[in-house]
Amino acid sequence: MSQLKLMALRHSAFYSPYLLSMAGGYLKDAGFDVEYTVQTPDNLVKDRLLDGSCHVSQSAVAAGFADLEQNQPNDIRHFAQINNRDGFFIAAREPIGQESIQNFDWKQLEGKSVLVDHFFQPMAMFRYALKLKGVDESKIDIIDAGDVDAIDKAFREGKGDFVHQQGPAPQQMEADGVAHVVASVGEAIGPVAFSSLCANKQWLASEDAGFFLNAYQQALAECKNNTAVDVGRKLHSYGFLTEIDPGVLTSTIEYYQQLGCWQHNGIIQPDEYSTLLDIFRYSELISQNYAFNKLITK
């Protein structure tokens, strides 16, 4: 079997197609012996991809903007899409009394404190969603509580009126009686080149790259077409996300299915990349519209 070293910037139900390529046996059937790790401060995805010690990683197309802004392009290319929607939610400490996520009035955030994930992409998306929903950002007390674990801990300890998190963290807090999920950033923004799979150009030219992409697209198809219960069960059986209650995992996967995160063929689309450029230009995180092929290959 060929050894395949995989990584992720973050580990979440949002990346179920990627995780299912392992948990569903697709990569094993393609002849790969898989090793999977999550980025840490001492084990960075970018470094591992560039030195060849990692073959593929979950990432985001926008992760390449920083190097382009510094005129330091590299050989990392994004070659497949995981999600074409943002996967973050807004949860309230107190119930809002709305019928559905689509009915949330985002202006209710004005005058309130919100713990917001300040990682580069989630923050940019949150700010753009406020713009689309006509919210005055200056009227919100936006709190940086730290990383994802620190955000969760701070809200559970009573800090903030609202919290901004990727699923299934807010759904787990809802199940624990701590919060009430009220809004979806993905619903607010719509299709965008969001989370992706990337590799260096040398590996992408190899035979293994084609085998990997085929296996991944099979896992993606299962995430679209299989029940959330079955997908969640496979992830748990493999040892993924076992800290999440099975019912919470199922409901989170089901919502991502309904939102349309995985209703694509795994290929990053130019129009969705164009939306990403608009979002990052709005937050002044990029100074120009970088060409599609600077970051993405098909």
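Please keep in mind that the model is predicted.

I begin with the largest pocket, which holds about 710 Å³ of space. Its lining consists of 27 residues, and those nearest the centre are Arg10, His11, Val148, Asp149 and Gln166. Which elements supply at least two residues each to this lining? They are helix H6, residues 148-156, strand E8, residues 162-166, and helix H7, residues 169-175. H6 provides the largest share, with 5 residues. In terms of class, the lining of the largest pocket comprises 10 nonpolar, 10 polar and 7 charged residues.

The second largest pocket has a volume of about 530 Å³. It is lined by 28 residues, and Lys46, Ala63, Gly64, Ala66 and Asp67 lie nearest its centre. At least two lining residues come from each of helix H3 (45-51), helix H4 (65-69) and strand E4 (76-81). Of the elements involved, H4 gives the most, namely 5 residues. The class composition here is 17 nonpolar, 5 polar and 6 charged residues.

How many cavities of 30 Å³ or more does the model contain? The count is 1, and the largest cavity holds about 110 Å³ of space. By class, the cavity lining divides into 8 nonpolar, 4 polar and 1 charged. Which of its residues are buried? They are Ala228, Val231, Gly232, Leu235 and His236. These residues lie on the same side of H11, because they cover an arc of only 130° around the axis. As a general point, an α-helix has 3.6 residues a turn, so residues three or four places apart point the same way. What covers the buried residues of H11 includes helix H1 (16-23), helix H10 (207-225) and helix H12 (246-259). H11 is followed by Gly239, which has a positive phi, near 105°.

Methods
Residues numbered from 1 in each chain as written. Predicted model: local features only at pLDDT ≥ 70, side-chain atom pairs only at ≥ 80, totals over all residues. Heavy atoms only, no water. 1 Å grid on protein atoms, 1.4 Å probe; cavity = no way out; pocket = protein on both sides within 12 Å on 5 of 7 lines; lining within 4 Å. Points joined across faces, edges and corners; volume = space filled by probe spheres on them. Helix = DSSP H or I, 4+ residues; strand = E, 2+ residues; numbered from the N terminus. Nonpolar A, V, L, I, M, F, W, Y, C, P; charged D, E, K, R; others polar. Buried < 20%, exposed > 50% of the residue type's maximum accessible area, 1.4 Å probe, protein only. Arc of directions from axis to C-beta. Contact = heavy atoms within 4.5 Å.
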